[in-house]
Amino acid sequence: MTAAAIGRRTFGHKLLQTLNCTVQPVTSSLKTQPKPRPQKHRHVHTRAGDYLPTSLVGWTESQQSVREAISKICSQYGDEYWMEKDTHHSFPWEFYKDIAKNGWLGICLPEEYGGANLGLAEAAVMLQTVAESGACMNGASSIHMNIFGLAPVAKFGTAEQRKRWLVPLIQGQERACFGVTEPNTGLDTLKLQSSAVKKGGKYILSGQKIWISTAQIAEKILILVRTTPLDQVKKASHGLSLFYTDLDRSAVQVIEIPKMGRCAVDSNALFFDGWEVPAEDLIGEEGDGFKMIMHGMNAERVLVGSEALGIGYAALRRACNYVNERVVFGNPIGKYQGIQHPLAECWMQLESARLTLNVAANLFDQGYQDGDYANAGKFLAAEAAFKTADRAVMSLGGMGYAKEYHVERYLREATLSRIAPISAEMIKNYIGQKVLGLPRSY
């Protein structure tokens with residue numbers, strides 16, 4: 001089933017629910033309603049060793065439909081495919097085009113531009129499924145920017161901009177990258193040093209960006225720069241502007257960064273000076289860029305957390321299947337508590353993170369703007385995924401260190417989710433200040 005088909009079915013289901021609610025008599029008493037009979041032996045969760053199970057607690061019908069549809073695509077691209085792409089630093093074009101062909105790049109974007117108009121809750125399931133299939137961050141990162149990266153355009157762009165930019169992105173005809181982080185500022189986004197100066201009908205951009213994913217293959221870039229110097233604004237969050245424009249390689253030097261993992265998808269440093277960007281590529285009002293970027297931050301936390309979850313479940317699947325089959329001292333090693341109990345802990349931690357992220361995604365779809373559950377879910381998922389991947393390597397022993405069993409790749413890619421797009425320490429700062437009401441620590 002395509003993304004658009006699921007989107008239309010979900011809309012119809014929600015509309016039906018709404019209509020049903022309106023015709024229920026207000027005076028109906030709970031006492032008159034028959035009590036549901038408890039289901040005996042209800043099986044709510046499949047074995048951890050199963051491939052992409054759908055019966056996970058808390059998912060709606062539309063989330064399960066997304067899971068099933070994405071699973072059919074991902075099942076065509078096994079671990080060997082992703083190991084080859086990672087080893088040779090080769091972008092997964094076959095997978096990318098398959099996802100685009102079925103309309104999934106526009107899962108969260110408006111239907112009038114070719115999207116499915118589904119929510120963050122469905123997008124989270126989609127990216128968890130991609131990562132969980134064995135694709136890990138390589139697969140998720142190849143489509144991540146398309147999934148939610150242009151949310152600022154969908155919300156703040158003009159009708160002309162949305163049509164001009166969203167249609168080719170959703171169809172997979174154009175690829176985009178995201179330019180915010182800078183080498184001298186890191187997570188201190190308000191101190192960005194890249195600048196844009198308006199001259200006639202153009203802006204002249206100068207500066208640098210770092211850790212820009214897919215810049216080697218992207219035609220477009222969503223970039224945040226300062227249009228008013230920091231010392232000339234009343235608040236540090238003012239004076240930043242957001243552009244979506246052509247990545248002009250005659251004006252932008254793109255240098256790939258060799259790295260530990262997720263090698264099928266490139267990471268880059270960008271250097272630019274005298275880069276001319278048309279004024280019509282400015283999104284919203286000049287100086288309001290930070291507000292627009294913040295609109296998508298909680299969503300990004302949820303999506304990256306979901307990708308980490310997928311890695312964790314994939315690692316747990318590999319570990320459980322191996323320890324059930326590997327016999328030492330006359331028994332499968334999964335029988336020994338030294339192997340079994342740590343894996344049990346991993347499942348509990350992964351499920352705790354998944355349920356938190358599901359709450360965060362549903363809150364976001366309902367208009368909730370605070371970042372408590374999104375940040376908490378991302379933190380829990382990243383830690384659980386890393387611990388599970390590490391435990392998978394240890395459970396497989398020497399074979400866990402071998403590329404043949406893939407868990408060493410899972411461990412390398414799980415490491416990334418602990419670092420980006422926000423560190424564990426900054427999440428704890430947020431929770432300490434915003435949730436616990438403690439003094440700001442930085």
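Close-up 1. Alanine 374 is buried, because its relative accessible area is 5% and buried means under 20% relative accessible area, with exposed meaning over 50% and partly exposed lying in between (1.4 Å probe, protein chains only). The model is a predicted one, in which local features need pLDDT of at least 70 and side-chain atom pairs count only at pLDDT 80 or more, while totals for chains, interfaces and linings use all residues. Residues are numbered from 1 along each chain as its sequence is written, and side-chain values use heavy atoms, with hydrogens and water left out. Alanine 374 has its place in helix α10, which covers residues 372-396; helices (H or I, at least four residues) and strands (E, at least two) are DSSP runs, numbered from the N terminus. Not counting residues up to four places away in sequence, alanine 374 touches Asn298, Arg301, Val302, Leu357 and Ala360, where contact means heavy atoms within 4.5 Å. Cysteine 346 is 28 residues from alanine 374 in sequence, and the two C-alpha atoms are 21 Å apart in space.

**Close-up 2. Tyrosine 373 in helix α10.** Tyrosine 373 also lies in helix α10, and with a relative accessible area of 41% tyrosine 373 is partly exposed. Leaving aside residues up to four places away in sequence, tyrosine 373 touches Thr356, Val359, Ala360 and Leu363. Along the chain, tyrosine 373 and valine 302 are 71 residues apart, and their C-alpha atoms are separated by 8.8 Å.

**Close-up 3. Strand β4 and its two partners.** In strand β4 (residues 220-226), 7 of the 7 residues are buried, so the strand is largely enclosed by the rest of the structure. From β4, Lys220, Leu222, Leu224 and Arg226 point one way, whereas Ile221, Ile223 and Val225 point the other way, and all are buried. Strand β1 (residues 176-179) runs parallel to β4 and is joined to β4 by 4 bridges; two strands pair if DSSP finds at least two bridges between them. Between these two strands, glycine 179 has isoleucine 223 of β4 as its bridge partner. With strand β5 (residues 240-246), β4 pairs in the antiparallel sense over 7 bridges, and here isoleucine 223 stands opposite phenylalanine 243 in β5.

**Close-up 4. Strand β5 and its pairing with β8.** Of the 7 residues of β5, 6 are buried, so this strand too is largely enclosed by the rest of the structure. Tyrosine 244 of β5 is the bridge partner of leucine 222. Strand β8 (residues 282-283) pairs with β5 in the antiparallel sense over 2 bridges, and in β8 leucine 282 is the bridge partner of phenylalanine 243.

**Close-up 5. Helix α5 packed against helix α11.** Helix α5 (residues 120-148) and helix α11 (residues 407-419) pack at an angle of about 50 degrees, with their axes 10 Å apart; axes are lines fitted to C-alpha atoms, for helices over the stretch in contact, and angles run from 0 to 180 degrees between N-to-C directions. The two helices α5 and α11 are therefore oblique to each other, since angles under 35 degrees count as roughly parallel, over 145 as roughly antiparallel, 65 to 115 as roughly perpendicular and the rest as oblique. On the α5 side the contact is made by Gly134, Ala135, Cys136, Met137 and Asn138, and on the α11 side by Arg409, Tyr410, Glu413, Leu416 and Ser417.

**Close-up 6. Helix α5 packed against helix α9.** Helix α5 also packs with helix α9 (residues 337-365), at an angle of about 150 degrees and with the axes 10 Å apart, and α5 and α9 are therefore roughly antiparallel to each other. Leu120, Ala121, Glu122, Gln128 and Phe148 of α5 make this contact with Arg354, Ala361, Asn362, Phe364 and Asp365 of α9.

**Close-up 7. Threonine 185 in a loop.** Threonine 185 lies in the loop between β1 and β2 (195-199), and at 12% relative accessibility threonine 185 counts as buried. Apart from residues up to four places away in sequence, threonine 185 touches Lys191, Leu192 and Gln193.
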